[in-house]
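Me: I've got a model open and want to check a few labels against their cut-offs. Can you walk me through them?

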Amino acid sequence: MARLLHNLPIGVLITLSGLIGLIIGSFLTMVCYRLAIKLTCIKRPATIHLLLSRSFCPRCRHPIAWYDTIPVVSFCLNKGHCRHCQQSITWLYPAMELSTACLTTVIFLQHGLTALTLGATIICWWLLPLAVLDYQYLILPNALTLSLIIVGLSLNYFTLFTSFSAAVIGTLAGYFSLALIDSLYYLWRNHHGIGQGDWKFFAALGACFGWQRLLPILLIAAVSATLVGCGLILKGRATLKSALPFGFFLSLAGILLLLTCDSQAFAHFTL
Ligand SMILES: [Zn+2]
């Protein structure tokens, strides 16, 4: 199988990674929406299974035919509207599918047919739904954060991004560092500043990249969140009391790390 892939022309491999990204992106979009239904006050249908239920329109709940579930294409053909109720469908769905396809392809181009590509792609497929869910609903589900800890530790059992010991320390350091910051903030302002979902998500990033990468991730996320927050306040679209989706910025920092990392850079950080 590996020899067959290595013999394929680069154009075919790029197309293949893009198509895989589109299909996974479509799946992730469905998971995002169903997790949001389960965890928020969105009006839910009688029964819904995270993976097994048939696709349906988020507006009228009408079941969606297979030809209306083709990633991006169906959205464009239906001009962003449901075929049955004609109500508009959020642009986040095709954006998620396209982002997954683009990032999967870029990671492949960055690292080639390597184990690092496989690991980085898998982590990216976890980071994208976490970004979307935190951006749209301010939630970071345990189903994604805790499973990402297992994914990170499993990948680093084979020393993919860092040593296993650095990943374990990263998990603990990630969780307790944000817990400590939040506790100090609580003593100061008498309310929580960072949600527990962020603690678990930061722990997952520590499991994926090791404790050495936690500080750069935190700095990138904090600086970008501050800049966006200031911009929103200046535009009058937020106040100092508005909640910012910090997990969204942690996701972006993690994706940035995946796109800029190389195996040697990570090897330097092993314990
Ligand atoms: Zn509809």
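Reply: Eleven helices and zero strands are found in the protein chain, where helices (H or I, at least four residues) and strands (E, at least two) are DSSP runs, numbered from the N terminus. Bear in mind that this is a predicted model: local features need pLDDT of at least 70, side-chain atom pairs count only at pLDDT 80 or more, and totals for chains, interfaces and linings use all residues. Residues are numbered from 1 along each chain as its sequence is written.

Me: Why is Thr29 called buried?

Reply: A residue is buried with 20 or more other C-beta atoms within 10 Å of its own, exposed with 12 or fewer, and partly exposed in between; C-beta atoms are placed from the backbone. Thr29 has 23 within 10 Å, so it counts as buried. Thr29 sits in helix α2 (residues 10-39). Across the protein chain, 34% of the 271 residues are buried.

Me: Which residues are in contact with Thr29, leaving aside neighbours within four places in sequence?

Reply: Those are Tyr93, Met96 and Glu97; contact requires C-beta atoms, placed from the backbone, within 7 Å. Thr29 and Tyr93 are 64 residues apart in sequence, yet their C-alpha atoms are 5.9 Å apart.

How values were computed: Contact = placed C-beta atoms within 7 Å.
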